[in-house]
Amino acid sequence: MFKKFFIICNFFIFCNGIVQAGQEIVAVQSSNLKPFEQALDGFKNVCKANIKQLVLSEMKGADIVEKIQDIDPDMVLAIGNEALRKVRKIHDIPIIYFMVLNPQSILSEEQNITGISLNIPPRKQLSTFTSALPELKRIGIIFDPSISGALIEEVQSAAAESGKILVAQKVHSSREVPSALLDMAGKIDVLWMLPDLTVITRMNVEFLLLFCLENKLPVIAFSEKYVALGALLSVGIDAFDIGRQAGEMAQQILSENDLTYARHDGPRKIALRFNPQIARKTIVSINTQIVRNLGIRVDDEIMKDARKINF
Amino acid sequence: MDLIFLKNYKQKFSFKVFSTFAVLIFLISLAFIAFFINLQHKSLYENLISNGENLIGVLADSSRIGVYSGNQKLLLDPVSGMLQQDGVQAASIYNTEGKQIIRLLKPDIHSNRELLIAGTINSNSDLKKTLLSGSPHYFEFRDRFEFWSPVMRKSGYLQEDAIFYNGHEQQPAEHLIGFAGIALDKSKLNQHMYDLFYRGILIGFVFLIIGFLAAFILAKIITKPVYQLTRSVTTLGKEGKFERVSVETEDELGNLAQAFNMMAVSLKNREHALQKSELKLRQLSYRCLKAQEEERRRLSRELHDGLGQTLALLKGKVRSIGRELYRDQSLLLEECEQAVQYIKQIIDDLRRLSRDLSPSVLEDLGLSTALRVQSREFAEHHSITESADIEEIDDLFSQEAQINLYRFCQEALTNIYKHAQAHNFSVTVKNEDGSVIIIVEDDGKGFNVSYVTGLAPDLKGLGLTTLEERARMLGGTVNIWSKPDLGTRITLTVPVPKQ
């Protein structure tokens, strides 16, 4: 019995493999950034379909949609925000996005699009770094309500739950950030950088990090990029694992287990039953030199598993 | 002072050499000082400019956030920090409209001083136009420099991805957000320049002193052979002594010294030859004069003893013939008497000639008397008025010298007779200060002494030559004074030989 069951399972896996090997996927990438490549590698690690890579930064002026339609793949991958913006016009091919920040700001309930957001839920971030830095109580945040308003609500509730005090400063333009930070000086124990395009400018980042260093204020960032520049730690994503995650999603979709088709007026439309996900794996990166400079105690467990970054 | 310098310059070759070197060294020193000061000034100036440019760059950079956010608090630190820098008198920041955001002056600067722009930069001003070009600039004033720089910011991230990852975006663009200015005091530069100037002068002065010393030594070294040569030439010329000049160099001066040495040796040899020849000549002259004297003596003797006696006999014979003649032979008698007179005249002339040839009065009566007799007889014979003042000098000279003295006067008197056409003459002999001085003077027509003495010996006439030779033989000197129409004076000075 067991033997039969084993053979049947293998048969389905084999069929699945045959099915995948014959299928074609177009991967539209915003640019050649290393994290995007890593994510695609993770995808390929799981999904064995033929993948044709199109890099938008190398295809200036080309009509990517037309190109994709010419190819007529079984699936389209959108890696990065720009890629998603371009491919969302396609309605008759399943699209999986990953490495996209705030996908909800790009999409408007397209049925054929699903994927994995770059956003790490604030709750998770908060729990990670409060575990790492248990002694810190007052958390400062600078945000633009028009960009990060919804996020702040989540943050506030998460902070309240964990017994932390959130000191949030609203800004409506980049220029207001330095003043906002000056106002918060002495009132916070840590500054939490959110991926807010109004706040995060080159000028502001430079000022933020320098100011916090001078005032011995630890900075929690959302990307290892800032840890290398002087932030204390970041809670980020594992690009390869996101790719794997997307690959698993793709596998399932391509086996047509999660597709429904609707043809009303015009071209066939596809609806995915696979809901968008969040990254399942986070990576904590810590700047050990900043830890020493600020004299901050980091949780040993977190420290043990974290990626160590120096200037 | 100038006259002393000019005098030295004209008279001293070493001073000329030294002056030349000194001027050269002075010019080099001057050039060096000028070059040094200029170089240092340029270096200080450039350092100041470079420092200012660095400072304004720092201020522009550090004030970006403050200008960007419009937060004056964020500008306070960079601006007041800038004032701590050496030489910075004022610092200010402006927005893109040129409106002043912050302006600070150093505490010791009066607020009314026009440093940088207080208030707003005029939009039409050159400053604004220069700064809008996006590049730093500086202006130089009498007492300060003003450095200006645009304040720039980099553009923000265009895409969400860019805030997560490095290397995503292209090179960010830069945007002008304001201007920064600082005023840098020039007084330190000026102070440095003064110090430099004085140091340069001091160095130049030291260099000059050393240079002058070196020039002096060099001049001495260069001119030493010349002076040695000059000394040797002078010694040779004045004293006739030959001092060999040491040949220390192989250059033109060395060649000159060698040539001089050769010339001097040659001259010396010729001088010796000349002296030998002169000696021979003198010896010959002496012998001639001696022979002449002997010949005169012989002639005198023969005339006196031979011819004289014969004539005396003849006179006697004629007289006796006259005595034998009859009264009616008065004509014959007269002839005889005339003949006797003639013979007497001849005898007198003969005696005089004999005496002239060999003055026995010199041996008989002494030199002084002989000279008196000579003078008197000359005056009588030639009908010239005589004046004689002759001291006793008989025992002062040897026989030979006395003859020479006698002959000297004789010759001088002969010259008066031959050339002077004088009416009066005088002979003075005195013994003074160990010398006998004989002066023979006349009031005749005189002559041009330098012309006559400058004539070639064959044109000169034997008279003067004989006088000179006699004087030389006596070991004395002869001085001849004469002027046309003013007469002639011949002075013989003869040292009295030590007994």
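Biologist: What is the phi of A:Gly186, which follows H7(A)?
Modeller: The phi of A:Gly186 is positive, near 90°. Helices here are DSSP runs of H or I with at least four residues, strands are runs of E with at least two, and both are numbered from the N terminus.

Biologist: Ground rules, please.
Modeller: This is a predicted model: local features need pLDDT of at least 70, side-chain atom pairs count only at pLDDT 80 or more, and totals for chains, interfaces and linings use all residues. Residues are numbered from 1 along each chain as its sequence is written, while chains are lettered from A and ligands numbered from 1 in the order in which they are written.

Biologist: What ipTM and pTM does the complex get?
Modeller: The predictor gives an ipTM of 0.73 and a pTM of 0.58. For chain B, the mean pLDDT (the predictor's confidence in each residue, from 0 to 100) is 84, and 95% of its residues reach 70 or more.

Biologist: Back to H7(A). Which of its residues are buried?
Modeller: A:Val177, A:Pro178, A:Ala180 and A:Leu181 are buried. Buried takes 20 or more other C-beta atoms within 10 Å of a residue's own, exposed 12 or fewer, partly exposed in between, with C-beta atoms placed from the backbone.

Biologist: How does H7(A) pack with H8(A)?
Modeller: The angle is about 15°, and the axes are 10 Å apart. H7(A) and H8(A) are therefore roughly parallel, a label for angles under 35 degrees.

Biologist: Which residues of H7(A) meet H8(A)?
Modeller: A:Val177, A:Pro178 and A:Leu181 meet A:Asn204, A:Phe207, A:Leu208 and A:Phe211. Contact needs C-beta atoms, placed from the backbone, within 7 Å.

Biologist: Now the interface. How many residues does each chain put into the contact?
Modeller: Chain A puts in 24 residues and chain B 22. H7(A) gives the most to the side of chain A that touches chain B, with four residues.

Biologist: And H4(B), which residues are buried there?
Modeller: B:Leu74, B:Leu75, B:Pro78, B:Val79 and B:Met82. They fall within an arc of 110° seen down the axis of H4(B), so they line one face. The face turned away carries the exposed B:Lys73 and B:Ser80.

Biologist: What does that buried side of H4(B) pack against?
Modeller: H7 of chain A, together with elements of chain B including H2, H3 and strand S1.

Note on methods
Axes fitted to C-alpha atoms, helices over the stretch in contact; angles between N-to-C directions. Parallel < 35°, antiparallel > 145°, perpendicular 65-115°, else oblique. Contact = placed C-beta atoms within 7 Å. Arc of directions from axis to C-beta.
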